[in-house]
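User: I would like to go through this model and ask what stands behind each label. Please give the value and the cut-off each time.

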Protein chains: 2
Amino acid sequence: MEETTEHPASCSVTGSESVGLKPEAVILANGEYPVHPLPLRILAEAKFTVCCDGAADEYIAQGKTPDIIIGDGDSLSPENRERFASIIHYVSDQETNDQTKAVRYLRQRGFRRITIVGATGKREDHTLGNISLLIEYMRSGMDVRMVTDYGIFVPARNTRRFAAQPGQQISIFSFGASELQAEGLAYPLSDFNNWWQGTLNQAKSAEFTIRCQGDYLVFLAF
Amino acid sequence: MEETTEHPASCSVTGSESVGLKPEAVILANGEYPVHPLPLRILAEAKFTVCCDGAADEYIAQGKTPDIIIGDGDSLSPENRERFASIIHYVSDQETNDQTKAVRYLRQRGFRRITIVGATGKREDHTLGNISLLIEYMRSGMDVRMVTDYGIFVPARNTRRFAAQPGQQISIFSFGASELQAEGLAYPLSDFNNWWQGTLNQAKSAEFTIRCQGDYLVFLAF
(Lines give C-alpha, C1' and ligand atoms only; values in the text may rest on other atoms or scores of the structure.)
Protein backbone atom coordinates (compact mmCIF):
# COMPACT_ATOMS: atom_id res chain seq x y z
CA MET A 1 0.00 0.00 0.00
CA GLU A 2 1.43 3.33 -1.03
CA GLU A 3 2.30 5.72 1.75
CA THR A 4 3.20 9.34 1.24
CA THR A 5 4.07 11.74 3.97
CA GLU A 6 2.30 15.05 4.12
CA HIS A 7 4.04 17.96 5.80
CA PRO A 8 1.52 20.65 6.49
CA ALA A 9 4.36 21.97 8.64
CA SER A 10 5.25 24.12 5.66
CA CYS A 11 2.18 25.99 6.71
CA SER A 12 2.59 25.49 10.43
CA VAL A 13 2.11 28.28 12.91
CA THR A 14 5.74 28.04 13.88
CA GLY A 15 6.51 28.80 10.26
CA SER A 16 9.19 26.18 9.69
CA GLU A 17 9.46 25.59 5.96
CA SER A 18 10.03 21.88 5.59
CA VAL A 19 10.83 19.85 2.49
CA GLY A 20 10.26 22.60 -0.03
CA LEU A 21 6.49 22.62 0.16
CA LYS A 22 6.20 26.33 -0.36
CA PRO A 23 3.43 26.80 -2.90
CA GLU A 24 4.19 27.74 -6.49
CA ALA A 25 1.15 30.00 -6.46
CA VAL A 26 -1.39 31.40 -4.01
CA ILE A 27 -5.06 32.07 -4.71
CA LEU A 28 -6.85 34.76 -2.71
CA ALA A 29 -10.49 33.67 -2.87
CA ASN A 30 -13.75 35.56 -2.37
CA GLY A 31 -14.37 34.74 1.30
CA GLU A 32 -13.33 36.87 4.24
CA TYR A 33 -9.93 38.47 3.88
CA PRO A 34 -7.49 36.55 6.13
CA VAL A 35 -6.57 37.97 9.52
CA HIS A 36 -4.45 35.14 10.95
CA PRO A 37 -0.68 35.72 10.56
CA LEU A 38 -0.11 32.44 8.71
CA PRO A 39 -2.39 32.96 5.66
CA LEU A 40 -1.25 36.59 5.62
CA ARG A 41 2.39 35.50 5.48
CA ILE A 42 1.65 32.94 2.77
CA LEU A 43 0.01 35.70 0.77
CA ALA A 44 2.90 38.11 1.41
CA GLU A 45 5.52 35.55 0.35
CA ALA A 46 3.65 34.21 -2.67
CA LYS A 47 5.73 33.78 -5.80
CA PHE A 48 2.62 34.13 -7.96
CA THR A 49 -0.71 35.50 -6.75
CA VAL A 50 -4.13 35.06 -8.30
CA CYS A 51 -6.89 37.21 -6.84
CA CYS A 52 -10.50 36.25 -7.33
CA ASP A 53 -12.08 39.55 -8.29
CA GLY A 54 -14.19 39.88 -5.17
CA ALA A 55 -10.98 40.04 -3.12
CA ALA A 56 -8.81 42.11 -5.46
CA ASP A 57 -9.90 45.57 -4.30
CA GLU A 58 -8.87 44.86 -0.72
CA TYR A 59 -5.58 43.26 -1.79
CA ILE A 60 -4.77 46.24 -3.99
CA ALA A 61 -5.81 48.70 -1.25
CA GLN A 62 -2.95 47.28 0.81
CA GLY A 63 -0.46 48.42 -1.78
CA LYS A 64 -0.04 45.03 -3.44
CA THR A 65 -0.45 44.01 -7.06
CA PRO A 66 -1.67 40.51 -7.96
CA ASP A 67 -0.18 38.69 -10.92
CA ILE A 68 -3.65 37.90 -12.23
CA ILE A 69 -7.21 38.85 -11.31
CA ILE A 70 -9.82 36.25 -12.22
CA GLY A 71 -13.57 36.60 -12.41
CA ASP A 72 -16.20 38.39 -14.39
CA GLY A 73 -14.90 41.77 -13.30
CA ASP A 74 -18.20 42.80 -11.73
CA SER A 75 -16.87 42.79 -8.20
CA LEU A 76 -13.95 45.07 -8.99
CA SER A 77 -14.11 48.84 -8.54
CA PRO A 78 -14.31 50.73 -11.88
CA GLU A 79 -10.99 52.36 -11.01
CA ASN A 80 -9.17 49.06 -10.52
CA ARG A 81 -10.91 47.53 -13.52
CA GLU A 82 -9.30 50.19 -15.65
CA ARG A 83 -5.96 50.39 -13.84
CA PHE A 84 -5.40 46.62 -13.86
CA ALA A 85 -7.04 45.84 -17.20
CA SER A 86 -3.90 44.12 -18.46
CA ILE A 87 -3.93 41.45 -15.72
CA ILE A 88 -7.67 40.82 -15.49
CA HIS A 89 -8.61 37.44 -16.89
CA TYR A 90 -12.34 37.33 -17.60
CA VAL A 91 -13.98 33.91 -17.46
CA SER A 92 -17.70 33.95 -18.11
CA ASP A 93 -18.40 30.25 -17.30
CA GLN A 94 -21.47 30.22 -15.05
CA GLU A 95 -20.89 26.57 -14.10
CA THR A 96 -17.86 27.18 -11.91
CA ASN A 97 -17.02 29.63 -9.18
CA ASP A 98 -14.09 32.04 -9.18
CA GLN A 99 -11.95 29.81 -6.96
CA THR A 100 -12.21 26.99 -9.51
CA LYS A 101 -11.55 29.38 -12.39
CA ALA A 102 -8.34 30.42 -10.61
CA VAL A 103 -7.27 26.79 -10.07
CA ARG A 104 -7.95 25.93 -13.72
CA TYR A 105 -6.02 28.97 -14.88
CA LEU A 106 -3.01 27.86 -12.82
CA ARG A 107 -3.27 24.24 -13.94
CA GLN A 108 -3.33 25.26 -17.60
CA ARG A 109 -0.14 27.23 -17.03
CA GLY A 110 1.67 24.33 -15.45
CA PHE A 111 1.33 25.20 -11.75
CA ARG A 112 0.71 22.23 -9.50
CA ARG A 113 1.44 23.15 -5.87
CA ILE A 114 -0.97 25.85 -4.82
CA THR A 115 -2.39 27.26 -1.60
CA ILE A 116 -5.79 28.91 -1.33
CA VAL A 117 -6.43 31.58 1.32
CA GLY A 118 -9.48 33.73 2.03
CA ALA A 119 -11.94 31.03 0.94
CA THR A 120 -14.16 30.74 4.01
CA GLY A 121 -16.01 32.91 6.49
CA LYS A 122 -18.82 34.43 4.46
CA ARG A 123 -21.88 32.60 3.09
CA GLU A 124 -21.77 29.09 4.54
CA ASP A 125 -22.83 27.40 1.30
CA HIS A 126 -19.90 29.09 -0.44
CA THR A 127 -17.60 27.95 2.38
CA LEU A 128 -18.85 24.37 2.04
CA GLY A 129 -18.50 24.50 -1.72
CA ASN A 130 -14.99 25.94 -1.64
CA ILE A 131 -13.75 23.42 0.92
CA SER A 132 -15.21 20.41 -0.89
CA LEU A 133 -13.80 21.55 -4.24
CA LEU A 134 -10.33 20.74 -2.88
CA ILE A 135 -11.21 17.09 -3.55
CA GLU A 136 -11.90 17.86 -7.21
CA TYR A 137 -8.66 19.83 -7.57
CA MET A 138 -6.72 16.89 -6.15
CA ARG A 139 -8.50 14.56 -8.60
CA SER A 140 -7.41 16.83 -11.45
CA GLY A 141 -3.77 16.40 -10.44
CA MET A 142 -3.22 19.51 -8.35
CA ASP A 143 -1.33 19.50 -5.04
CA VAL A 144 -3.54 21.95 -3.23
CA ARG A 145 -4.30 23.01 0.30
CA MET A 146 -6.45 25.69 1.89
CA VAL A 147 -5.20 27.83 4.76
CA THR A 148 -7.87 29.61 6.78
CA ASP A 149 -7.75 31.75 9.93
CA TYR A 150 -8.21 28.58 11.97
CA GLY A 151 -6.28 25.79 10.30
CA ILE A 152 -5.30 23.94 7.13
CA PHE A 153 -7.40 21.72 4.87
CA VAL A 154 -5.48 19.05 2.94
CA PRO A 155 -7.25 16.79 0.41
CA ALA A 156 -5.87 13.24 0.35
CA ARG A 157 -6.39 9.87 -1.27
CA ASN A 158 -5.77 6.42 0.20
CA THR A 159 -3.28 5.78 2.99
CA ARG A 160 -1.16 8.77 3.91
CA ARG A 161 1.02 10.05 6.74
CA PHE A 162 0.74 13.60 8.10
CA ALA A 163 3.07 15.70 10.20
CA ALA A 164 1.40 17.28 13.24
CA GLN A 165 2.09 18.76 16.62
CA PRO A 166 1.35 16.54 19.61
CA GLY A 167 -2.12 17.44 20.84
CA GLN A 168 -3.04 19.23 17.61
CA GLN A 169 -6.76 19.09 16.88
CA ILE A 170 -7.52 17.16 13.69
CA SER A 171 -10.78 16.60 11.80
CA ILE A 172 -11.31 14.12 8.98
CA PHE A 173 -14.06 14.50 6.35
CA SER A 174 -14.73 11.48 4.17
CA PHE A 175 -15.62 11.78 0.48
CA GLY A 176 -16.53 8.17 -0.08
CA ALA A 177 -13.43 6.73 1.63
CA SER A 178 -13.81 3.17 2.89
CA GLU A 179 -12.05 1.12 5.57
CA LEU A 180 -11.05 4.38 7.31
CA GLN A 181 -8.58 3.84 10.13
CA ALA A 182 -6.07 6.02 11.91
CA GLU A 183 -2.76 5.52 13.65
CA GLY A 184 -1.59 8.24 15.98
CA LEU A 185 -4.97 9.90 16.54
CA ALA A 186 -6.75 9.91 19.90
CA TYR A 187 -10.07 8.49 18.63
CA PRO A 188 -10.74 5.69 16.13
CA LEU A 189 -12.12 6.44 12.67
CA SER A 190 -14.85 4.53 10.85
CA ASP A 191 -16.63 4.79 7.52
CA PHE A 192 -18.38 8.05 8.32
CA ASN A 193 -21.70 8.95 6.80
CA ASN A 194 -22.03 12.39 8.36
CA TRP A 195 -19.54 15.25 8.45
CA TRP A 196 -19.47 15.73 12.25
CA GLN A 197 -18.36 12.15 12.89
CA GLY A 198 -14.71 12.77 12.02
CA THR A 199 -14.37 16.09 13.82
CA LEU A 200 -12.56 16.91 17.06
CA ASN A 201 -9.90 14.23 16.91
CA GLN A 202 -6.38 14.86 18.17
CA ALA A 203 -2.81 13.97 17.14
CA LYS A 204 -1.07 11.93 19.81
CA SER A 205 2.45 12.71 18.59
CA ALA A 206 4.36 14.47 15.83
CA GLU A 207 2.76 12.44 13.07
CA PHE A 208 -0.31 10.38 12.29
CA THR A 209 -1.42 8.07 9.51
CA ILE A 210 -4.81 7.76 7.85
CA ARG A 211 -5.43 4.33 6.33
CA CYS A 212 -8.24 3.93 3.84
CA GLN A 213 -9.26 3.51 0.23
CA GLY A 214 -10.63 6.67 -1.31
CA ASP A 215 -10.72 10.40 -0.87
CA TYR A 216 -10.94 12.52 2.27
CA LEU A 217 -10.08 15.93 3.68
CA VAL A 218 -7.89 16.48 6.71
CA PHE A 219 -8.29 19.66 8.75
CA LEU A 220 -5.37 20.50 11.00
CA ALA A 221 -6.34 23.23 13.47
CA PHE A 222 -3.75 25.83 14.47
CA MET B 1 -45.70 10.21 -1.45
CA GLU B 2 -45.95 12.45 1.56
CA GLU B 3 -45.46 16.14 0.97
CA THR B 4 -45.08 18.70 3.69
CA THR B 5 -44.60 22.37 3.14
CA GLU B 6 -41.76 24.13 4.82
CA HIS B 7 -42.09 27.83 5.50
CA PRO B 8 -38.72 29.30 6.22
CA ALA B 9 -40.60 32.55 5.73
CA SER B 10 -41.04 32.53 9.48
CA CYS B 11 -37.37 33.38 9.42
CA SER B 12 -37.46 35.49 6.30
CA VAL B 13 -35.66 38.77 6.01
CA THR B 14 -38.95 40.55 5.57
CA GLY B 15 -39.89 39.18 8.95
CA SER B 16 -43.37 37.95 8.17
CA GLU B 17 -44.35 35.40 10.78
CA SER B 18 -46.27 32.76 8.91
CA VAL B 19 -48.16 29.72 10.14
CA GLY B 20 -46.94 29.88 13.72
CA LEU B 21 -43.44 28.62 13.10
CA LYS B 22 -41.88 30.78 15.75
CA PRO B 23 -39.48 28.54 17.64
CA GLU B 24 -40.32 27.28 21.10
CA ALA B 25 -36.68 27.78 22.07
CA VAL B 26 -33.52 29.35 20.68
CA ILE B 27 -29.97 28.07 21.15
CA LEU B 28 -27.09 30.54 21.03
CA ALA B 29 -24.14 28.36 20.00
CA ASN B 30 -20.38 28.83 20.35
CA GLY B 31 -19.62 30.26 16.90
CA GLU B 32 -19.44 33.94 16.04
CA TYR B 33 -22.06 36.06 17.73
CA PRO B 34 -24.71 36.97 15.13
CA VAL B 35 -24.61 40.38 13.47
CA HIS B 36 -27.40 40.02 10.90
CA PRO B 37 -30.70 41.55 12.04
CA LEU B 38 -32.66 38.31 11.55
CA PRO B 39 -30.76 36.00 13.95
CA LEU B 40 -30.53 38.94 16.36
CA ARG B 41 -34.28 39.40 16.25
CA ILE B 42 -34.89 35.68 16.71
CA LEU B 43 -32.65 35.83 19.76
CA ALA B 44 -34.35 38.94 21.11
CA GLU B 45 -37.83 37.45 20.70
CA ALA B 46 -36.99 33.97 22.01
CA LYS B 47 -39.47 32.51 24.46
CA PHE B 48 -36.76 30.31 25.96
CA THR B 49 -33.04 30.80 25.41
CA VAL B 50 -30.22 28.31 25.91
CA CYS B 51 -26.70 29.73 25.74
CA CYS B 52 -23.77 27.44 25.07
CA ASP B 53 -21.27 28.60 27.62
CA GLY B 54 -18.79 30.00 25.12
CA ALA B 55 -21.43 32.52 24.04
CA ALA B 56 -22.98 33.32 27.40
CA ASP B 57 -20.58 36.07 28.48
CA GLU B 58 -21.34 38.14 25.39
CA TYR B 59 -25.08 37.54 25.66
CA ILE B 60 -25.04 38.59 29.31
CA ALA B 61 -22.84 41.61 28.55
CA GLN B 62 -25.72 42.91 26.43
CA GLY B 63 -27.94 43.01 29.47
CA LYS B 64 -29.78 39.78 28.75
CA THR B 65 -30.25 36.70 30.90
CA PRO B 66 -30.49 33.25 29.31
CA ASP B 67 -32.92 30.68 30.69
CA ILE B 68 -30.18 28.07 30.78
CA ILE B 69 -26.42 28.04 30.19
CA ILE B 70 -25.06 24.70 28.95
CA GLY B 71 -21.48 23.49 28.84
CA ASP B 72 -18.69 22.58 31.16
CA GLY B 73 -18.51 26.11 32.54
CA ASP B 74 -14.90 26.59 31.50
CA SER B 75 -15.66 29.21 28.91
CA LEU B 76 -17.63 31.38 31.31
CA SER B 77 -16.07 34.26 33.25
CA PRO B 78 -15.63 33.49 36.98
CA GLU B 79 -18.00 36.35 37.74
CA ASN B 80 -20.81 34.98 35.55
CA ARG B 81 -20.15 31.45 36.75
CA GLU B 82 -20.97 32.61 40.24
CA ARG B 83 -23.73 35.06 39.38
CA PHE B 84 -25.60 32.60 37.15
CA ALA B 85 -24.81 29.41 39.07
CA SER B 86 -28.51 28.57 39.40
CA ILE B 87 -29.08 28.35 35.64
CA ILE B 88 -25.83 26.68 34.59
CA HIS B 89 -26.36 23.11 33.48
CA TYR B 90 -23.05 21.26 33.49
CA VAL B 91 -22.73 18.34 31.06
CA SER B 92 -19.38 16.61 31.12
CA ASP B 93 -19.96 14.28 28.13
CA GLN B 94 -16.84 14.52 25.95
CA GLU B 95 -18.56 12.73 23.05
CA THR B 96 -20.86 15.59 22.11
CA ASN B 97 -20.39 19.29 21.58
CA ASP B 98 -22.23 22.04 23.44
CA GLN B 99 -24.72 22.61 20.63
CA THR B 100 -25.83 18.97 20.85
CA LYS B 101 -25.96 19.14 24.65
CA ALA B 102 -28.31 22.10 24.31
CA VAL B 103 -30.52 20.27 21.81
CA ARG B 104 -30.70 17.20 24.04
CA TYR B 105 -31.54 19.32 27.06
CA LEU B 106 -34.44 20.87 25.18
CA ARG B 107 -35.64 17.55 23.79
CA GLN B 108 -35.70 16.02 27.25
CA ARG B 109 -37.83 18.91 28.43
CA GLY B 110 -40.36 18.46 25.65
CA PHE B 111 -39.26 21.22 23.29
CA ARG B 112 -39.48 20.30 19.61
CA ARG B 113 -39.36 23.42 17.45
CA ILE B 114 -36.02 25.10 17.96
CA THR B 115 -33.78 27.55 16.14
CA ILE B 116 -30.00 27.65 16.47
CA VAL B 117 -28.11 30.91 15.97
CA GLY B 118 -24.42 31.77 16.33
CA ALA B 119 -23.26 28.31 15.22
CA THR B 120 -20.91 29.19 12.36
CA GLY B 121 -18.09 31.55 11.49
CA LYS B 122 -15.22 30.36 13.65
CA ARG B 123 -13.24 27.12 13.18
CA GLU B 124 -14.42 25.59 9.92
CA ASP B 125 -14.46 22.04 11.29
CA HIS B 126 -16.80 23.23 14.06
CA THR B 127 -18.96 24.97 11.47
CA LEU B 128 -19.15 21.80 9.36
CA GLY B 129 -19.91 19.71 12.44
CA ASN B 130 -22.62 22.05 13.71
CA ILE B 131 -24.34 22.29 10.33
CA SER B 132 -24.31 18.53 9.71
CA LEU B 133 -25.64 17.79 13.20
CA LEU B 134 -28.95 19.31 12.09
CA ILE B 135 -29.54 16.02 10.26
CA GLU B 136 -29.11 14.07 13.51
CA TYR B 137 -31.43 16.41 15.42
CA MET B 138 -34.10 15.89 12.75
CA ARG B 139 -33.62 12.13 13.00
CA SER B 140 -34.19 12.38 16.77
CA GLY B 141 -37.57 14.00 16.18
CA MET B 142 -36.67 17.68 16.53
CA ASP B 143 -38.01 20.36 14.20
CA VAL B 144 -34.84 22.40 13.99
CA ARG B 145 -33.28 25.02 11.79
CA MET B 146 -30.14 27.12 11.91
CA VAL B 147 -30.15 30.82 11.15
CA THR B 148 -26.76 32.35 10.31
CA ASP B 149 -25.69 35.82 9.19
CA TYR B 150 -26.14 34.66 5.59
CA GLY B 151 -29.15 32.37 5.44
CA ILE B 152 -31.14 29.50 6.91
CA PHE B 153 -30.30 25.79 7.03
CA VAL B 154 -33.28 23.43 7.15
CA PRO B 155 -32.81 19.65 7.50
CA ALA B 156 -35.36 17.62 5.58
CA ARG B 157 -36.33 14.06 4.69
CA ASN B 158 -37.95 12.78 1.52
CA THR B 159 -40.11 14.91 -0.72
CA ARG B 160 -40.88 18.35 0.66
CA ARG B 161 -42.03 21.76 -0.47
CA PHE B 162 -40.32 25.00 0.60
CA ALA B 163 -41.45 28.60 0.54
CA ALA B 164 -38.94 30.96 -1.08
CA GLN B 165 -38.62 34.31 -2.71
CA PRO B 166 -38.35 34.34 -6.51
CA GLY B 167 -34.66 34.46 -7.37
CA GLN B 168 -33.58 33.43 -3.86
CA GLN B 169 -30.29 31.52 -3.87
CA ILE B 170 -30.68 27.94 -2.68
CA SER B 171 -28.13 25.22 -1.95
CA ILE B 172 -28.90 21.55 -1.34
CA PHE B 173 -26.56 19.22 0.59
CA SER B 174 -27.33 15.52 0.36
CA PHE B 175 -26.87 13.17 3.30
CA GLY B 176 -27.41 9.96 1.40
CA ALA B 177 -30.55 11.09 -0.41
CA SER B 178 -31.34 9.24 -3.61
CA GLU B 179 -33.34 10.07 -6.71
CA LEU B 180 -32.88 13.77 -5.97
CA GLN B 181 -34.97 16.00 -8.17
CA ALA B 182 -36.28 19.53 -7.91
CA GLU B 183 -39.28 21.43 -9.15
CA GLY B 184 -39.08 25.20 -9.15
CA LEU B 185 -35.30 25.50 -9.01
CA ALA B 186 -33.21 26.92 -11.84
CA TYR B 187 -30.82 23.94 -12.16
CA PRO B 188 -31.55 20.20 -12.01
CA LEU B 189 -30.45 18.11 -9.03
CA SER B 190 -28.84 14.68 -9.13
CA ASP B 191 -27.55 12.15 -6.62
CA PHE B 192 -24.66 14.32 -5.45
CA ASN B 193 -21.44 12.84 -4.14
CA ASN B 194 -19.69 16.09 -3.29
CA TRP B 195 -20.96 19.07 -1.31
CA TRP B 196 -20.37 21.74 -3.97
CA GLN B 197 -22.61 20.02 -6.51
CA GLY B 198 -25.85 21.23 -4.96
CA THR B 199 -24.75 24.80 -4.29
CA LEU B 200 -25.73 28.01 -6.07
CA ASN B 201 -29.15 26.99 -7.27
CA GLN B 202 -32.01 29.47 -7.42
CA ALA B 203 -35.74 29.52 -6.72
CA LYS B 204 -37.74 30.32 -9.82
CA SER B 205 -40.86 31.41 -7.94
CA ALA B 206 -42.36 31.65 -4.45
CA GLU B 207 -41.96 27.94 -3.76
CA PHE B 208 -39.97 24.92 -4.81
CA THR B 209 -40.15 21.18 -4.19
CA ILE B 210 -37.35 18.73 -3.51
CA ARG B 211 -38.21 15.17 -4.51
CA CYS B 212 -36.08 12.33 -3.17
CA GLN B 213 -35.74 9.46 -0.74
CA GLY B 214 -33.56 10.25 2.24
CA ASP B 215 -32.07 13.13 4.15
CA TYR B 216 -30.69 16.45 2.97
CA LEU B 217 -30.06 20.03 4.07
CA VAL B 218 -31.51 23.05 2.32
CA PHE B 219 -29.72 26.40 2.64
CA LEU B 220 -31.82 29.43 1.77
CA ALA B 221 -29.62 32.50 1.39
CA PHE B 222 -30.97 35.88 2.53
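User: Where does B:I42 lie, and why is B:I42 called buried?

Analyst: This is a predicted model, and in it B:I42 is part of helix α1 of chain B. Its relative accessibility is 9%. Buried means under 20%, so B:I42 counts as buried.

User: Which other residues of that helix are buried?

Analyst: Helix α1 of chain B spans residues 37–44, and B:L38, B:P39 and B:L43 are buried there along with B:I42.

User: What does the face turned away from the buried side carry?

Analyst: That face of α1(B) carries B:P37 and B:A44, which are exposed. The label requires over 50% relative accessible area.

User: What covers the buried residues of α1(B)?

Analyst: The cover includes the strands β2 (25–28), β3 (49–52), β6 (113–117), β7 (143–147) and β8 (151–157) of chain B, and also helix α2 (53–61). Contact here means heavy atoms within 4.5 Å.

User: How far apart are the C-alpha atoms of B:I42 and B:V117?

Analyst: They are separated by 8.3 Å, while the two residues are 75 residues apart along the chain.

User: What makes one face of α1 in chain A the buried one?

Analyst: In α1(A), residues 37–44, the buried residues are A:L38, A:P39, A:I42 and A:L43. Viewed down the axis they fall within an arc of 135°, so they line one face of the helix. A:P37 and A:A44 are exposed on the other side. The buried residues pack against β2, β3, α2, β6, β7 and β8 of chain A.

User: Where is A:T209, and why is A:T209 called buried?

Analyst: A:T209 belongs to strand β12 of chain A. Its relative accessibility is 7%. The limit for buried is under 20%, so A:T209 counts as buried. Leaving out residues up to four places away in sequence, A:T209 touches A:T159, A:R160, A:R161, A:Q181, A:A182 and A:E183.

User: How many residues of chain A are in contact with chain B, and what is the area buried between the two chains?

Analyst: 29 residues of chain A are in contact with 29 residues of chain B. The buried area is about 2,900 Å², with carbon and sulfur atoms giving 63% of that area.

User: How many salt bridges and how many polar contacts are counted between the chains?

Analyst: The count of salt bridges between chain A and chain B is 0. A salt bridge would need a side-chain nitrogen of Lys or Arg within 4 Å of a carboxyl oxygen of Asp or Glu. There are 16 residue pairs in polar contact. On the side of chain A that touches chain B, α5 (124–139), β10 (169–183) and β12 (207–221) each supply at least two residues. α5(A) gives the largest share, 10 residues.

User: What does UniProt list for chain A?

Analyst: An unreviewed UniProt entry lists a "Thiamin pyrophosphokinase catalytic" domain at residues 42–144. That stretch is 44% helix and 17% strand, with its end C-alpha atoms 14 Å apart. The annotation "Thiamin pyrophosphokinase-like substrate-binding" domain, also from an unreviewed entry, covers residues 151–219. This second stretch is 0% helix and 59% strand, and its end C-alpha atoms are 7 Å apart.

Conventions. Residues numbered from 1 in each chain as written. Chains lettered and ligands numbered in written order. Predicted model: local features only at pLDDT ≥ 70, side-chain atom pairs only at ≥ 80, totals over all residues. Heavy atoms only, no water. UniProt positions renumbered as here; feature names shortened; annotations may be inferred. Helix = DSSP H or I, 4+ residues; strand = E, 2+ residues; numbered from the N terminus. Buried < 20%, exposed > 50% of the residue type's maximum accessible area, 1.4 Å probe, protein only. Arc of directions from axis to C-beta. Buried area = accessible area lost by both parts, 1.4 Å probe. Polar contact = N/O pair within 3.5 Å; in protein donor to acceptor, adjacent residues only side chain to side chain.
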